[in-house]
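Hello,

Here is the structure you were expecting. My notes follow below it.

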Amino acid sequence: MPVFALVDCNNFYVSCERVFKPELEHRPVIVLSNNDGCAVARSNEAKALGITMGAPFFKIRHLIDLHDVQVFSSNYALYGDMSSRVMQTLSVFAPAMEIYSIDEAFLNLDRLAFTSLSAYGRQIRHTVRQHTGIPVCIGMAPSKTLAKVAARIAKKSEKAGGVLDLTDPRFQDRALEITPVADVWGVGRQYARYLQMRGIRTARNLRDADIDWFRKKMGINGVRIQKELQGESCYDMETDDPAKKSISVSRSFKTPVTDFDSLSEAVSTYISRGAEKLRAQGSHAEAMTVYVTTNRFKPDAFYYNAATQSFPAALNHTPSLITHGRTALKQIFQKGRAYTKAGVIFSHLTRNGMYQQDLFDTSDRSRPDRVMETVDLINHKMGANTVTCPATGIRKDRSWETAFNYRSPAYTTDWNQLLTVGS
């Protein structure tokens, strides 16, 4: 029988902040989205105060002041590095691991011998906490979907203590009975509403529904979800990170941008970041779309437009992409408008660096490739944006930059921001 373990970090962004500020343990903490717009992570104490996921910052300000809620801006450098440390720690506990998200991973435990799966789960949990400071919960089951159910219960149940083994069918009925159908992995909002209207309100109802009706209404994916809830594994481990079919980078501005040069700096910065992602997965782009928008809450003055540039030969060379980006931006920029967001999308990506070259292109493309490789290496070792293109802007005061007014230091990735210990 296959055995999957889902390891899920508890309130991950909040937990990362608490690692370096242990005095925040048992205190309400929230982490905000880009531009400090809304709550995207909440401690259990903050949830108990009624702060909901996605709540706009200005609407919960009274709760923050009243209950002394600690507020942090998103610190992606810190969270990404802490995630890497958690995944590295987990990798020694199983022969195969699938990194599902920044704070979740599946472990394949079916070839290991145990006296107790729960005891092994507690060992994993203790080791991750000891090595990284991040608390995790673990659900174990014969299918990925059941492991998701187990992890969800393990996170909320004091009796489970952060670890729940659902490999025994005797315990699956109760676990599925207390799991709302909307919380089943793979069931989206629309399907959840559809199922609830037809009396299927729990994961157990979903498991026991008529399979012929289910196949007709939800197709093969729905049937797989049902079989997974019945303990039959339909989803294998995906140990290789699949290359993305498109790459996008976009941000909202902290203050509206009205001039072309500032907007061009923003777009060039997003192109530079997107080009890094292209090179990281060994891809080139055959086309790039640049788009801009104004405030959508002002419909009388709302403006959105996009322009796409197709390339004679696929590119991942940052300066060349920035040149094409400026050309596209000139096509859609309108003077007198206040832009609040811009973005770029790279599409028609090649795989593993294989791309069709231009018959009439006689330039040596290996040279810019080596330059970009060197730039990426320097930025990886010395920190992001150590080497950048002038087009991304050299002014300190850039109105288009995302606001992070409550961001903590990059404790683990910047020498200048290392944690200091007082005497």
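Which residues in the largest nonpolar core touch the most other members? This is a predicted model, in which local features need pLDDT of at least 70 and side-chain atom pairs count only at pLDDT 80 or more, while totals for chains, interfaces and linings use all residues. Residues are numbered from 1 along each chain as its sequence is written, and side-chain values use heavy atoms, with hydrogens and water left out.

Nonpolar cores

The residues asked about are Phe12, Leu90, Leu107, Leu109, Ile124, Ile134 and Ile138, in a core of 36 residues. A nonpolar core is a set of buried Ala, Val, Leu, Ile, Met, Phe, Trp, Tyr and Cys residues joined through side-chain atoms within 4.5 Å; buried means under 20% relative accessible area, with a 1.4 Å probe and protein chains only. At least two residues each come from E1, H1, strand E2 (29-32), helix H4 (76-90), strand E6 (104-108), H5 and E7. Helices (H or I, at least four residues) and strands (E, at least two) are DSSP runs, numbered from the N terminus. H4 supplies the largest share of this core, 6 residues. Another core, of 33 residues, lies apart from it and includes Val249, Phe260, Leu263 and Ile332.

Leaving aside neighbours within four places in sequence, Phe12 is in contact (heavy atoms within 4.5 Å) with Tyr79, Met82, Ser83, Ile102, Asp103 and Ile134.

Second largest pocket

The second largest pocket has a volume of about 1,100 Å³, taken as the space filled by probe spheres set on grid points joined across faces, edges and corners. A pocket is an open set of points on a 1 Å grid over the protein atoms alone, where a 1.4 Å probe fits, with protein on both sides within 12 Å along at least five of seven lines; lining residues have an atom within 4 Å of a point. There are 44 lining residues, and Cys9, Asn10, Asn11, Lys47 and Lys155 are the closest to the pocket's centre. H6 gives the most to the lining, with 7 residues.

Asp8 lies in strand E1 (residues 4-9) and counts as buried because its relative accessibility is 11%. The Asp8 side chain makes a polar contact with that of Lys155 at 3.0 Å.

Ala209 sits in the loop between helix H9 (203-208) and helix H10 (211-229). Ala209 also counts as buried, at 16% relative accessibility. Not counting residues up to four places away in sequence, Ala209 touches Ile200 and Gln226.

For the term used above, a polar contact is a pair of N or O atoms within 3.5 Å; within protein, one must be able to donate a hydrogen and the other to accept it, and residues adjacent in sequence count only if both atoms are side-chain atoms.

Regards

Key:
Buried < 20%, exposed > 50% of the residue type's maximum accessible area, 1.4 Å probe, protein only.
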